[in-house]
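Trainee: I have a model to go through with you. Could we look at how its parts pack together?
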Amino acid sequence: MIGTDLNLARKHLERGALVAIPTETVYGLAGNALNPESLAEIFRVKERPSFDPLIMHFASADELCPFVQVLPEAFWPLYRRFCPGPLTFVLQKKPAVPDLLTAGQATVAVRFPAHPLSRELLQSLAFPLAAPSANKFGRVSPVRAEHVADQLGEEIPYILDGGPCSVGLESTIIDLSEGQPEILRLGGLPIEELENALGHPIRRKPHSSSNPKAPGMLSAHYSPGLPLLFGHLAENLPKVNRRRCGSITFCQALPGIPQAQQRILSPRGDLNEAATGLFTALRSLAALPAVEVILAEAFPEEGLGRAINDRLRRASVR
Ligand code: TXA
Ligand code: MG
């Protein structure tokens, strides 16, 4: 069922059931982060391998104390500037965090979502929420309540509808658990803004399918269910039958591809606007019977363009 009843959402969560919740990044598949049965249900419904840890969601940093060790110096300037918002911190955990949630690691990922409905929900609950993106493992994340209903509607009792997600990309993940901060996942908060706040460049962990620090950052992810060609249009356009092709571009239309099969993410050239529309574009193109392949151009490598390219690159890996 889809609705906007916060009380009903709260009741389901309190009895251990799962509820899809809106956040500013993407919809989350939420359950009680301290209840092993709820956590097991998240892994089951999402068909997620148990080695891939979940993010704990809180209303504010005041609630962190039982779950994380001493907060590192870099935490507070970032928290004050960007939270609530699209940023996830990896920190040393305390024993109160269930092993199932962290996949047995010594660290835990925590985040403070900005969407008013999820904030109100978190404030009304006596426990934090574990919430991966509300899609089947390896698929495109949902940015509207209907996207969740398409994939998980039969399996969860309630989807809290908060409208379309304003950011449209998952949170940026920064690892503060060791000496130097490191970016584990590019996401809804541009790396430039983080570097600005800390006053120095931040290292980026390279993606790999065997990287134990970010088990979920597999090189093949975000699959729209169709082959996707990502990169320079001049190189890729000659490879496709344009009548059978769907396209994702930043601000330009492409000759020869039917208009209904083109998604121009921001005609005025705004990367934030492009990010908001990316996952909906992938889903809607994959749903068109005429489309057999998706062609996506490389976006400018700056601001949210980096995270857009990251998602498209991984959607193109088969
Ligand atoms: O924007 C978001 O972060 C969304 C919304 C719902 O909050 N959530 C989300 O969760 O994207 P999920 O589970 O789809 O992705 C979480 C990522 C995974 O790749 C996981 O491997 C990584 O966070 N992660 C979680 N705990 C970690 C840890 N202790 N160390 C390193 N990576 C961790
Ligand atoms: Mg995900």
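Trainee: How are H1 and H5 oriented to each other?

Mentor: This is a predicted model. In it, the axes of H1 (residues 6–14) and H5 (residues 116–124) cross at roughly 50° and come within 10 Å. The two helices are therefore oblique to each other.

Trainee: And which hand does the crossing of H1 and H5 have?

Mentor: The crossing is right-handed.

Trainee: Which residues in H1 and H5 meet there?

Mentor: H1 contributes Leu6, Ala9, Arg10 and Leu13, which meet Leu117, Glu120, Leu121 and Ser124 of H5. By class, this contact comprises five nonpolar, two charged and one polar residue.

Trainee: Changing topic: which residues have the most contacts inside the largest nonpolar core?

Mentor: Phe89, Val110, Phe112 and Ile248 do, in a core of 75 residues. Helix H9 (residues 271–286) gives the most to this core, namely eight residues. Another core, of 16 residues, lies apart from it and includes Leu6, Leu13, Ala30 and Leu117.

Trainee: What is Val110 in contact with, leaving aside neighbours within four places in sequence?

Mentor: Its partners are Ile55, Met56, Phe58, Leu64, Val68, Leu87, Thr88, Phe89 and Leu91.

Trainee: What about Thr107, buried or exposed?

Mentor: Thr107 has a relative accessible area of 13%, which is under the 20% limit, so this residue counts as buried. Thr107 is found in strand S6 (residues 107–111).

Trainee: What does Thr107 touch, not counting residues up to four places away in sequence?

Mentor: Thr107 touches Val90, Leu91, Gln92, Lys93, Thr102 and Ser177.

Conventions: Residues are numbered from 1 along each chain as its sequence is written. Chains are lettered from A and ligands numbered from 1 in the order in which they are written. This is a predicted model: local features need pLDDT of at least 70, side-chain atom pairs count only at pLDDT 80 or more; totals for chains, interfaces and linings use all residues. Side-chain values use heavy atoms; hydrogens and water are left out. A nonpolar core is a set of buried Ala, Val, Leu, Ile, Met, Phe, Trp, Tyr and Cys residues joined through side-chain atoms within 4.5 Å. Buried means under 20% relative accessible area, exposed over 50%, partly exposed in between (1.4 Å probe, protein chains only). Helices (H or I, at least four residues) and strands (E, at least two) are DSSP runs, numbered from the N terminus. Contact means heavy atoms within 4.5 Å. Axes are lines fitted to C-alpha atoms, for helices over the stretch in contact, and angles run from 0 to 180 degrees between N-to-C directions. Angles under 35 degrees count as roughly parallel, over 145 as roughly antiparallel, 65 to 115 as roughly perpendicular and the rest as oblique. A crossing is left-handed if the near helix is turned anticlockwise from the far one by less than a right angle, and right-handed if clockwise. Ala, Val, Leu, Ile, Met, Phe, Trp, Tyr, Cys and Pro count as nonpolar, Asp, Glu, Lys and Arg as charged, and the others, Gly among them, as polar.
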